[in-house]
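Subject: Structure for your files

Hello,

Here is the structure I promised to hand over. My notes follow below it.

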Amino acid sequence: MTAARVAALCGGVGGAKLADGLLHTLPGDTLGVIVNTGDDFEHLGLHVSPDIDTVVYTLAGLANPDTGWGRRDESWSFMAALGALGGPTWFRLGDGDLAMHVERTRRLAAGEPLSAIVCDLARRLGIAARIVPMTDARLRTRVLSDEGAIDFQDYFVRRQCGPRVRGIAFDVAAACRPAPGVNELLRDPALGAIVICPSNPYLSIDPILAVPGLRESLRAARVPVVAVSPLIAGAAVKGPTAKIMAELGRPIGADEVARHYDDLIDGFVLDVRDAALAATIGVPVRLTDTLMKTPDDRRRVALECLRLAHDLAHGPSKEPSNDGAPDPSPDPLHDRSPDPLPDPLPGRSHAPAPRPDPMAAAAPGGERP
């Protein structure tokens with residue numbers, strides 16, 4: 001059986017948790033993570049990439065477990081000194097975290113692309129997965145509010161998501177295109193699945209899809225695309241997803257998130273507390289507890305994503321559990337036939353040969369104050 005690669009689209013804290021689960025479920029060199037850079041900005045003369053750093057720190061085992069962003073065991077001498085001098089302290093940069101921003105800014109000024117810098121820093125931190133920014137060019141998220149257009153970090157951190165949202169816009173550079181490695185991941189013949197992590201659909205995933213050509217690459221994917229709901233019982237675990245949905249006049253629910261991705265996804269992972277919504281979602285649904293408090297939770301949700309992708313590509317071999325309880329049926333990690341069943345995704349141009357199996361090598365089972 002061929003071990004498949006998996007590509008994940010990811011924002012900050014919530015998405016990074018699932019990416020970490022995938023990393024520890026799959027062989028490390030089979031995971032690629034395409035990360036939002038729409039919230040990158042210049043601060044104190046430094047290029048700050050909040051979502052990239054959250055993913056890097058999380059996959060390196062360095063993330064602050066209390067906040068989800070920044071580094072664990074951080075010190076704050078720099079911020080204290082900056083505040084004493086009257087400098088801006090609304091966006092907190094820890095002493096260890098500061099080194100990341102200084103080094104990235106230095107290398108960008110020397111002419112290196114962001115994608116090359118991220119790849120090298122991830123390698124230096126011992127991360128086996130491939131982490132790729134969505135683009136090396138400028139693409140910035142702007143929040144259209146009842147107070148006018150606001151830069152993303154001003155809205156998200158300085159204003160703590162307070163202004164009422166009227167829309168989301170993206171300032172896209174003329175030269176913007178997917179970073180080197182993005183299309184390579186999405187077109188890899190060994191790719192077995194694409195996972196849209198439970199990041200904010202509007203602030204984290206839509207900027208990735210706004211990169212010219214990237215949405216089309218997902219639509220043309222020859223493998224199942226599976227999204228994970230960022231909502232549990234109508235509420236976001238972290239961040240303003242539900243608030244934004246309400247202010248945009250959209251129903252607050254996981255089924256609305258699925259509709260938001262309607263032209264892209266083949267399957268949807270839904271929290272068991274939202275089981276009543278399953279019948280309203282237009283793609284196959286897998287129910288599980290999507291709350292990721294522990295490393296085991298992360299691996300469990302990752303495994304459910306891979307099981308759903310496997311069943312979409314090869315046909316279900318069992319009925320999924322509807323109550324979130326452990327499935328008593330035989331372990332799907334073993335004794336799967338690689339022979340393709342009748343195509344469950346007739347709208348996609350899947351290869352006729354046996355597809356790489358995302359289950360084949362699977363292991364069993366940012367807001368700043």
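The aromatic pairs come to four in this predicted model. Here rings of Phe, Tyr and Trp (its six-membered ring) pair if their centres lie within 6.5 Å; planes under 30 degrees apart are stacked, over 60 edge-to-face, and the rest tilted. One of the pairs is Trp-90 with Phe-91, which is edge-to-face, with 5.9 Å between centres and 80 degrees between planes. Phe-91 is buried, at 1% relative accessibility. Buried means under 20% relative accessible area, exposed over 50%, and partly exposed in between (1.4 Å probe, protein chains only). Phe-41, Trp-90 and Phe-91 make up one aromatic cluster.

Phe-152 and Phe-156 also pair, this time stacked: 5.1 Å centre to centre, 20 degrees between the planes. The two are about one helical turn apart because they sit four residues from each other in helix α6 (residues 152–158). An α-helix has 3.6 residues a turn, so residues three or four places apart point the same way. Both Phe-152 and Phe-156 are buried.

The charged end of Arg-92 lies 4.1 Å from the centre of the Trp-76 ring. The rule asks for NZ of Lys or CZ of Arg within 6 Å of the ring centre and within 35 degrees of the ring normal.

Some ground rules. Residues are numbered from 1 along each chain as its sequence is written, and side-chain values use heavy atoms, with hydrogens and water left out. As this is a predicted model, local features need pLDDT of at least 70 and side-chain atom pairs count only at pLDDT 80 or more, while totals for chains, interfaces and linings use all residues.

Now the overall picture. The protein has twelve helices and 14 strands. These are DSSP runs, numbered from the N terminus: helices are H or I of at least four residues, strands E of at least two. Of the 369 residues, 53% are buried. The accessible surface is about 14900 Å², and carbon and sulfur atoms account for 53% of that surface. The areas come from the Shrake-Rupley method with a 1.4 Å probe; for residues, only the protein chains shown count as cover.

Two helices are well covered. Ten of the ten residues of α2 are buried, so α2 is largely enclosed by the rest of the structure. Among them are Asp-53, Tyr-57 and Thr-58. Helix α8 (residues 201–209) is mostly covered too, with nine of its nine residues buried. Asn-200 caps the N-terminal end of α8: a side-chain oxygen lies 2.8 Å from the backbone nitrogen of Tyr-202.

Gly-61 follows α2 and has a positive phi, near 75 degrees. Gly-61 lies in the loop between α2 (50–59) and α3 (77–84). At 44% relative accessibility, Gly-61 is partly exposed. Its C-alpha atom is 9.2 Å from that of Leu-125, 64 residues away along the chain.

Ala-122 belongs to helix α5 (residues 114–124) and is buried, at 3% relative accessible area. Beyond four places in sequence, Ala-122 is in contact (heavy atoms within 4.5 Å) with Ile-127 and Ile-131.

Arg-298 is in helix α12 (residues 295–314). Arg-298 is buried, with 18% relative accessible area. Its contacts beyond four places in sequence include Lys-17, Asp-20, Thr-58 and Met-292.

Two residues other than glycine have positive phi. Leu-44 is near 55 degrees, in the loop between β3 (41–43) and β4 (46–48). Gln-160 is at about 50 degrees, in the loop between α6 and β8 (165–172). Leu-44 is partly exposed at 36% relative accessibility, and Gln-160 is partly exposed at 44%.

Last, confidence. pLDDT is the predictor's confidence in each residue, from 0 to 100. The average is 88, and 85% of the residues score at least 70. Residues 319–353 stay under 50, with 58 contacts beyond four places in sequence in the model. Residues 365–369 are also below 50, and have 20 contacts beyond near neighbours in sequence. Where pLDDT is low, the predicted coordinates should not be read in detail.

Best wishes

Conventions. Polar contact = N/O pair within 3.5 Å; in protein donor to acceptor, adjacent residues only side chain to side chain.
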